[in-house]
Amino acid sequence: MDEKLVPAHIHFTKWFIRIRWIAIGILIVATFTVKYILDISVQEKSIFILSAILLLLNVFHKVLLQKLKQDRGSHVIQKIKREIHFQIITDLIILTLIIHYSGGIENPIIIFYFFHMIIASSIFSKSISYAYAIFTMLLAASLALLECFYIVPHHHLTGFIPHELYGNLLYVLGSGIVFAITSILLIFLSRMIIYRSIKTEETYVRINFELEKKDKLKNEYVLRVTHDIKGHVAAILSCIDVIRSGSAGPLNEVQAEFASRAYERTELLSTFIKNLLNLTRKRLTHDTEFEEFLFNDVINKVVGNVQTLATDKSIDFSYSMDKSIKMITGNPFTIGELYCNLLLNAVKYTPPEGHILLTVRNRQDHILTEISDSGIGIPKEELSHVFDEFYRASNVPRDIKSGSGLGLSIAKQIVENHKGKISVSSELGVWTKFTFILPKNPEIIP
């Protein structure tokens, strides 16, 4: 048994039951309107009795569905399908009786037969779909012929149809042929549309699987290569530091300047490689190692480090955090990294005498955070790309050399791993604000 199919069949059955509640209400209101407002002759008592039977059947279907939802047996899908068969068959029989008591084939609601054919063709095989079409045609034909030959009484729609069409054999046969052809075409077209939809979905699933496979291979390759590069760059950085410090011998002014430049650029390269390794590991592992931790402790540690950097740059950094936030579930290391990346970005792109505001608010099942700054802003047309890997806004000053274009990608990855959402808004040259929510317990979110 494919367990993935069980929820889908249950969902469809629940939808079928909900639709039937609506249909019962419409039937009662329509009968009352036709009889007592439009003054058209229908057998309202019989129709109301049938509505009551349909209502009781729907209650029965609902109770049966609740039992099937608790069933974990190997034949649960077959049981659900039998339940759907029972629903469709009883619906078609009751619909036939309703049509009989409201004008027979003279009543336009005869087209309601088609709805059940469409439903059957959407969930059952081709042979079963055509079997339902034949069963429906037999019901309609039996009703029409029994009334035509006066075997059962015909309830005429007085005030709506002026002619006795039910007794005209040519009309009955002609209508029957049109009904039969329409039914067959309806099943054929429904099956064709469903078949093509399934094929298209299978193609998308296959392509998506291949893309995910290639993306994983790419990430594994990047992880191996950057890990090797990291070791070489660390060795180079260590050698340059020895030369720059003068441990290997004194340097003149020009040599010292070039050594410092080489050290700074190599340090930037080392940071870039670390970020790339970090992002690639997150993409491969999805960072789902969650634990309970005290949220305030993580934020206070990050704020302390950022406060020092902001003060050195003459930036006014302030923050407001609800004291009611206590223990939450998540990855404390990556959440700290998330706040650190966004706040350091704000410090980096905010000029001296600017200001940064961190606001953390407690909500019922999540934490809402806003980080705003009076920095250089982001061009409006580039906002949708700021979370892309290696992306840097076109208005970043040339003198800001640090930045790999991975910080915001890592931030987004962390938020999504915690099943949260992040967004950005900005006005060029005026301000930028990042807003994100983190569920207090992402493990309970489906």
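**View 1. Glu-257 is partly exposed, at 40% relative accessibility.** Partly exposed is the range between buried (under 20% relative accessible area) and exposed (over 50%), computed with a 1.4 Å probe on protein chains only. The model is predicted: local features need pLDDT of at least 70, side-chain atom pairs count only at pLDDT 80 or more, and totals for chains, interfaces and linings use all residues. Residues are numbered from 1 along each chain as its sequence is written, and side-chain values use heavy atoms, with hydrogens and water left out. The side chain of Glu-257 forms a salt bridge with that of Arg-261, at 2.7 Å from N to O. A salt bridge here is a side-chain nitrogen of Lys or Arg within 4 Å of a carboxyl oxygen of Asp or Glu. Both residues belong to helix 7 (residues 253–285); they are 4 residues apart, and therefore separated by about one helical turn. Helices (H or I, at least four residues) and strands (E, at least two) are DSSP runs numbered from the N terminus. Arg-261 is also partly exposed, with a relative accessible area of 46%.

**View 2. Asp-241 and Arg-244 form a salt bridge.** Their closest N and O atoms are 3.2 Å apart. The two residues lie in helix 6 (residues 169–245), 3 residues apart, so about one helical turn separates them. An α-helix has 3.6 residues a turn, so residues three or four places apart point the same way. Asp-241 is partly exposed at 30%, and Arg-244 is partly exposed at 35%. The whole structure has 6 salt bridges.

**View 3. Helix 10 (residues 407–417) is mostly covered.** Of its 11 residues, 8 are buried, among them Leu-408, Ile-410, Ile-414 and Val-415. Glu-416 and Lys-412 join their side chains in a salt bridge, at 3.9 Å from N to O. In helix 10 these two residues are 4 residues apart, which places about one helical turn between them. Glu-416 is partly exposed, with a relative accessible area of 41%; Lys-412 is partly exposed too, at 31%. Just after the helix, Lys-419 has a positive phi of about 60°.

**View 4. Thr-329 is a buried residue of strand 3.** The strand covers residues 327–330. Thr-329 counts as buried because its relative accessibility is 9%. Leaving aside residues up to four places away in sequence, Thr-329 touches Phe-290, Glu-291, Glu-292 and Phe-293, and also Pro-439, Lys-440, Asn-441, Pro-442 and Glu-443. Contact means heavy atoms within 4.5 Å.
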